Every structure is written in C-alpha cells, then in structure tokens.
Amino acid sequence: MSQHEITRPIMLLNAAGDLTEPGYAKRLLPVYRRADVKASPLRLKEWDYYCVNNGRFALCLTIADNGYMGLDSVSLLNFEEGWEITTSPMRVLTLGKTNLPESSASGRTEIHKKGYDIVFDVQPGKRTLMAQMKKFGPEGALYAKVTLYDEPEESMVIATPFDKPKHFYYNQKINCMRAEGFVTYGYHGTTYTFDPADSFAVLDWGRGVWTYDNTWYWGSASGLHEGVPFGFNIGYGFGDTSAASENMLFYNGRAHKLSQVRFHIPGDDGRHTPDYMKPWTFSSDDGRFEMDFTPVLDRASCTDFKVLKSDQHQVFGRFTGRAVLDDGTVLEIRELPGFAEKVMNKW
C-alpha cells in the first residue's frame, strides 16, 4: 500500500469543510481551526485522552466535547490486583463550549464541575495532568498529578476523510512520553507512584466530524527496548484510509511508517462473541509487525440509549513479537505494556 505523507504546513480544511490533503504526517503540520468546520456543531467531536502506564497500574484521563454531549472520564487500573474503576460524568449540549485547544502543542484543556476537576496544561517541554474527583469509587476520592516530558520529536498524525461531505477525522497520537507523578485514591490514601524510569504516556488528540455508526480497532504501547524508548500505534475502522493508515512504530524519537495491520481477536468473526481475555495476535501485510498480545484486564463499558450507543472493550496487557524499522532493523519485543481495543459507537 502506497501512503501519502504530508510534509509541509497546510490548512486542514478547505472552504467547503473537506480535507485539503488526506494522508499522514510525522508532526502536527495540518492546521485545524474550529471555524473552518462546515458541519453542524452537534456533529463536531473533539477530545484529549491521556493514558499513563507502567505495566503494574495505569491512569487514563479524558476531556471530550462531542457536540451534543461532553464526556469527562477518569480511570484507575491495577493490573496486579486485577481491578479497574472508571467514572465518566456526562454534560449535555456542550456544542464546543468546552473550548478544547485547536493544537495539541500548547494550551490548556480543563473542566471544572461540582465534585471534580480535570486539567491538561501544555507548556514548552512538559505536559501537566491533574485530576481530582470526590466520588470516584467505593473507597472514596481520587487525586492525581502527573508530569509528562521527553516528548519524542515525531508522532503519528493522520487526516482521514469519510465518504460523506464535510466529514473528517484529524488525529495525533504521541507515544513514549516519560511520566512522573502519583495517584492517591481512597480513605486510606493509597498512593500509586509513576517513576519516569518505567512509566510512559500516550496522548490521543482527536478533532473531527464523524459519521453516525462506526466500529474501530486501536492498539498502543510505549516502553523501553534494551533501554531505548520504543512504542507503536496501530488501528483501523474509521473513514477512508486509502491515502494512509495510522500504523506507525516509534523508536528513539523517530517514527517508522507501517502499512496495514490486522487485529485477530478470538471469536471476533461476526458469528461468535469475542473472547477479549484470550490471547490476541496481530499481523501486517508488509511483514513488519507481528505480535502476540496477552490480556491482563478488560476495561469494558456499554452505554445504550438506543439512538446513542457505545460498546467498548479496552484490553490492557503485554505485547511480545517482532517489529521492523524503516532501515530493516529487527526489534524483538518482549512483554511491552500497552492496550488494544475494539469500540462500537453510534454517535
């Protein structure tokens, strides 16, 4: 599959509200402006999602404005004890009033509501994530503060059209950011500490006008391979990806583009119920990404309002296999912490 790389700064959308240049980039080159969107503000979806993981526990934070509703989410996952808690307050008819930044490179994404606050503050050289929620789980309140730094020079950026005018998906995934900080949870003040020696974060920064019914697959991992930062982003299932896929390896700050990667989930054939906790495999048409995935914990949730529905399985675990860089260097990956998911949305 030949893929089109965007190599210079461009406006993301043209006067009609369509993508000027579908494809991928290794930096945030296309310029997104909310004012250029021509679809109804009810259809515009904007979100910032961070996941901090060290293989023993993880923190996930979301601030999203999906037009007709806003979603703020905090997840704490303990892989050693086999539990996760997710609390996701919703807001009605946000219509862009959450004021998410138009670039991932600077600005402040924040929400302050009764009982909780979430803040993502982006400054040169670091990102500070803060969250507090009074009624988080059965053990009481949560407080988290994590600083991300050593952001790689290159990342996964993709501009994907849908088969419908004025619909598009603009996305950046920044892997392999070092994470330092803590989460305190519960009446007894149990503290989970992220050490930058083994704790890494990914940012999923999304802006777009989506079609109503979608099923997507996404996988992500960040960590160290023989002491060098290594990670990857894999996925498909949204829009027309003929110009480019979002599959990419990251090694020592550089991005290496992959072709097509397929997820093989046990029972995920349309005739059976997928068994998300059995081992998965991944394969690529260019032979550069072959992985086994051992699930540890399924962060599953299903919200069904009939007209609106979200059925999610974000499965955390460890990846073992083989990845090939652009220059042919073969990396034998062992027990790399990350996640893979299947999400069905009617939104």
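**View 1. A nonpolar surface patch made by Leu42, Val92, Leu93 and Leu95 in the predicted model**.

**View 2. The antiparallel pairing of strands β6 and β7**. Strand β6, which covers residues 69-78, pairs with strand β7, which covers residues 83-87, in the antiparallel sense, and the pairing runs over five bridges. Within this arrangement, Val74 stands opposite Thr87 of β7. The hairpin that β6 and β7 form has four residues between the strands, and in this hairpin Gly82 adopts a positive phi near 75°.

**View 3. Cys51 and Cys60, with their sulfur atoms 3.4 Å apart**. The closest cysteine sulfur to that of Cys51 belongs to Cys60 and lies at 3.4 Å, which is too far for a bond, because a disulfide is counted for a pair of cysteine sulfur atoms within 2.5 Å. Cys51 is itself buried, with a relative accessible area of 3%.

**View 4. Cys302, a cysteine in no disulfide**. For Cys302 the nearest cysteine sulfur is that of Cys60, at a distance of 19 Å, and Cys302 takes part in no disulfide. A search that covers the whole structure likewise finds zero disulfides.

Note on methods:
Residues are numbered from 1 along each chain as its sequence is written. This is a predicted model: local features need pLDDT of at least 70, side-chain atom pairs count only at pLDDT 80 or more; totals for chains, interfaces and linings use all residues. Side-chain values use heavy atoms; hydrogens and water are left out. Two strands pair if DSSP finds at least two bridges between them. Helices (H or I, at least four residues) and strands (E, at least two) are DSSP runs, numbered from the N terminus. Patches are made of residues with over 30% relative accessible area and no salt bridge: like charges are joined within 9 Å, nonpolar side chains (Val, Leu, Ile, Met, Phe, Trp, Tyr) within 5 Å. Accessible areas come from the Shrake-Rupley method with a 1.4 Å probe; for residues, only the protein chains shown count as cover. A salt bridge is a side-chain nitrogen of Lys or Arg within 4 Å of a carboxyl oxygen of Asp or Glu. Buried means under 20% relative accessible area, exposed over 50%, partly exposed in between (1.4 Å probe, protein chains only).
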